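Here's a quick tour to read with the model open on your screen. Have a look at the fold first, then come back for the details.

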Amino acid sequence: MPKAAKSLLVTGGSRGIGAAVCRQAAAAGYRVAVNFASNEDAALKVVSEIEADGGEAFAIKGDVGTEADVMAMFEAVDKRFGKLDALVNNAGVVDVVARVDEMSAARIERLLRINVLGSFLCAREAIKLMSTRHGGKGGAIVNISSAAARLGGVGLYVDYAASKGAIDTMTFGLAREVAREGIRVNAIRPGMIETEIHADSGDPDRAWKVADTIPAGRPGTAEEIANAVVWLLSDQASYVEGAILDVSGGR
Ligand code: NAP
C-alpha cells in the first residue's frame, strides 16, 4: 500500500462496471469503499479480490436514492478512511423495455430517484468532505452517464436515456461550480457494455445482439470503462474538468 493512499467511494461497486472500477482503483493504490444495494455477496467478493491482491476495501450497503442511506454511507466512509479523495457515481438502473406511452409514473420516479437524485446526493456529500470551501483537500468525481443520453433510448427506455442526459448536464454545471475548490468533475458515457444490467431490461444478450450497430463491432467490457474512470480520477487528468468522455466503441 503506497503512503497516504487515496480513498474512493464507488456507488454500485458490487457488480459490472462499478466492480471493475473498484478492482482497478485498488490496484492503482486507492482504499476503496464498495457500495451495494442488495447483493452483499457480490460486494464481499469484490472486497476479497482486492484484499487478496494486497489492497484495502470494505463493503457498504445503501440505496443511493434514499437520503438517509447516503448520509450513513458517507459517514461510514469518513470514519473508516478519515477522508475522501474521490467518488464514482456509478450506481444506476434500467427498467424493462417500454415506450413512453406505456410507462407508469412509479417506474419513471424510481429511475430518476436512483439515477439522478442518487448521483446528486452522493455528489453533495462528497463535496462536503472534499471541497477546500469545507476544509477539505480537493478531489475528483466521475459520473457514469451513458451513450443513451445522446441516442435517446428510442423504443427501449427513453426515461433511462433522459436520466443520463441529466447526469451530463449535472457534470457540466457542477464541474464549473467546484473547480476552484480543488474538485474535478467529469463523466463517462459508456456504450453497450457486457454486464448484467441488460437482463434487467428483459434481454441479457442485448449487448451482443446490437454488435453490428457498433463501429468497433463488439460490446465493450467493464474493464474498458474502468480504465477510463481510473484515468479521469488520477492526476494524469489534472487539467480535465467538466469533460464528458464517450467510451462506446464509436457508437
Ligand atoms: P449492473 O451490472 O446492473 O450493476 C449495477 C450496480 O449498481 C450493482 O452494483 C447494484 O448493486 C448497484 N445498484 C443498483 N441500484 C442501486 C441503488 N439504488 N443504490 C446503490 N447501488 C445500486 O450495471 P452496470 O451495467 O455495471 O452499470 C453501471 C452504470 O453504468 C450504471 O449507471 C449504468 O446506467 C451505466 N451504463 C451501463 C451500460 C451498459 O451497457 N452496461 C451502458 C451505459 C451506461 P447490487 O449488486 O446490490 O444490486
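## Ground rules

This is a predicted model, so local features need pLDDT of at least 70 and side-chain atom pairs count only at pLDDT 80 or more, while totals for chains, interfaces and linings use all residues. Residues are numbered from 1 along each chain as its sequence is written, and side-chain values use heavy atoms, with hydrogens and water left out.

## The sheet

Start with the seven strands: they make an open, parallel sheet, ordered S3-S2-S1-S4-S5-S6-S7. Strands here are DSSP E runs of at least two residues, helices are H or I runs of at least four, and both are numbered from the N terminus. Two strands pair if DSSP finds at least two bridges between them. At the edges sit S3 (57–61) and S7 (244–247), each pairing on one side only. On average, neighbouring strands are turned by 20° against each other, direction ignored.

Within the sheet, S1 (residues 7–10) pairs with S4 (residues 86–89) in the parallel sense over three bridges. Leu9 stands opposite Leu87 in S4.

## Helices across the strands

Helix H2 (residues 40–52) lies across S2 (31–36) and S3, at about 170° to S3. Helix H6 (residues 158–178) lies across S4, S5 (139–144), S6 (183–190) and S7, and runs at about 160° to S6. For these angles, axes are lines fitted to C-alpha atoms (for helices, over the stretch in contact), and the angle between N-to-C directions runs from 0 to 180 degrees.

The largest nonpolar core has 35 residues, and Leu8, Val32, Val88, Val229 and Leu233 have the most contacts inside it. A core is a set of buried Ala, Val, Leu, Ile, Met, Phe, Trp, Tyr and Cys residues joined through side-chain atoms within 4.5 Å. Buried means under 20% relative accessible area, exposed means over 50%, and partly exposed is in between (1.4 Å probe, protein chains only). Two or more residues each come from S1, H1 (16–27), S2, H2, S4, S5 and H9 (222–233). H9 gives the most, with eight residues.

Leaving aside neighbours within four places in sequence, Val229 is in contact (heavy atoms within 4.5 Å) with Val21, Val88, Val142, Ile144 and Ile188. A second, separate core has 29 residues, including Val77, Leu87, Ala91 and Val93.

## Around the ligand

The ligand is surrounded by 32 residues, each with a heavy atom within 4 Å of it. The closest are Ser14, Ser38, Asn90, Tyr160 and Thr195. A backbone N or O atom of Gly62 lies 3.4 Å from a ligand nitrogen.

Thr132 sits in the loop between H4 (105–130) and S5. Thr132 is partly exposed, with a relative accessible area of 44%. Not counting residues up to four places away in sequence, Thr132 touches Lys137, Gly138, Arg180, Glu181 and Gly182.

Conventions: Polar contact = N/O pair within 3.5 Å; in protein donor to acceptor, adjacent residues only side chain to side chain.
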